[in-house]
Amino acid sequence: MGKDVIIACDFDSAQKTFAFLDKFTEEKPFVKIGMELYYAEGPSIVKEIKRRGHKIFLDLKLHDIPNTVKKSMAVLSRLDVDMTNLHAAGTVDMMRAALEGLTREDGTRPLLIAVTQLTSTSEERMQNELLINASINDTIIKYAENAKTAGLDGVVCSPLEAGMVKEACGVDFMTVTPGVRFADGEVGDQIRITTPEKTKEIGSDYIVVGRPITQSENPVEAFRRCVKEFVGE
Ligand code: C5P
């Protein structure tokens, strides 16, 4: 499994997205399209970014009854994205249905990963509001194991959790980790963070980096620094 840096294209229009991507004249970074951009522009933004030769992680975090998720995944699969995701909280049944929907007639499909607990959820809120009587780490491990049981490829988690997920689910179970910051950079609203270099050490397969690249004065240089620190090229 190749390690890679995924840029979170958190823009609210196609125009801003292309103004950003046009800066990359030599490389074609793997990009993440999230809810903001997808809801603003619809499937056409996915098709256009794909046409330009980028790999795409479509981050729409599906969570509904199994039949609805299955049918929605079948539609997303036709967009020919490389990776997409859902909430593990939807249960093993929902995740199995998602995989079925995602698998094309020729047997190919995008990678499918699960969100365990959002990094914005604290243990206290999980216990008091969601009435989950376990530690947040046990919940993350259990959700990751459920995702593996359902046949998914991996999970989205904090870089600090990647090691324990690998320990529980095996080294081949993918970890995709946001919350990455340069040692000398702005932290913003992220809490459980670490640097690209440290993330590499812990064992993440992909890092998702947004503002440290998109808000940088020189995004191409920031992207190259991430690749150098994380992939080591
Ligand atoms: O700008 P920044 O590097 O913080 O962007 C991180 C990206 O990863 C954002 O698109 C954010 O929505 C996403 N993400 C996250 N934490 C999660 C899941 C997704 O930061 N648990």
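**Exercise 1. Find which residues Asp4 touches, not counting residues up to four places away in sequence, and say where Asp4 lies.**

Solution. Asp4 touches Phe30, Asp205, Tyr206, Ile207, Phe230 and Val231, with residues up to four places away in sequence left out; contact means heavy atoms within 4.5 Å. Asp4 belongs to strand β1. Helices (H or I, at least four residues) and strands (E, at least two) are DSSP runs, numbered from the N terminus. Asp4 counts as partly exposed because its relative accessibility is 26%; buried means under 20% relative accessible area, exposed over 50%, and partly exposed in between (1.4 Å probe, protein chains only). Ser204 is 200 residues from Asp4 in sequence, and the two are 9.5 Å apart in space, C-alpha to C-alpha.

This is a predicted model, in which local features need pLDDT of at least 70 and side-chain atom pairs count only at pLDDT 80 or more, while totals for chains, interfaces and linings use all residues. Residues are numbered from 1 along each chain as its sequence is written, and side-chain values use heavy atoms, with hydrogens and water left out.

**Exercise 2. Describe the barrel and the place of β2 beside β1.**

Solution. Start with the whole: eight strands form a closed barrel in the order β1-β2-β3-β4-β5-β6-β7-β8, with parallel pairing. Two strands pair if DSSP finds at least two bridges between them. From one strand to the next the twist averages 25°; axes are lines fitted to C-alpha atoms, for helices over the stretch in contact, and angles run from 0 to 180 degrees between N-to-C directions.

Next, take one pair. Strands β1 (residues 4-8) and β2 (residues 30-34) run parallel and are joined by three bridges. Ile7 has Val31 as its bridge partner in β2, and Ala8 has Lys32.

Last, look at the side chains of β2. Five of its five residues are buried. Phe30, Lys32 and Gly34 point one way, and Val31 and Ile33 the other way.

**Exercise 3. Is Gln117 buried or exposed?**

Solution. First locate Gln117, which sits in the loop between β5 and α6 (123-128). Gln117 is buried, because its relative accessible area is 10%. Leaving aside neighbours within four places in sequence, Gln117 is in contact with Met126, Ile132, Ile136, Thr139, Ile140 and Tyr143.

**Exercise 4. Which residues come nearest to the ligand?**

Solution. Of the 13 residues around the ligand, the nearest are Asp10, Arg181, Gln190, Gly210 and Arg211; a residue is near a molecule or strand if one of its heavy atoms lies within 4 Å of it. Now take single atom pairs. A polar side-chain atom of Asp10 is 2.7 Å from a ligand oxygen atom, and one of Arg181 is 2.8 Å from a ligand oxygen atom. An N or O atom in the side chain of Thr119 lies 2.9 Å from a nitrogen atom of the ligand.

Notes:
A polar contact is a pair of N or O atoms within 3.5 Å; within protein, one must be able to donate a hydrogen and the other to accept it, and residues adjacent in sequence count only if both atoms are side-chain atoms.
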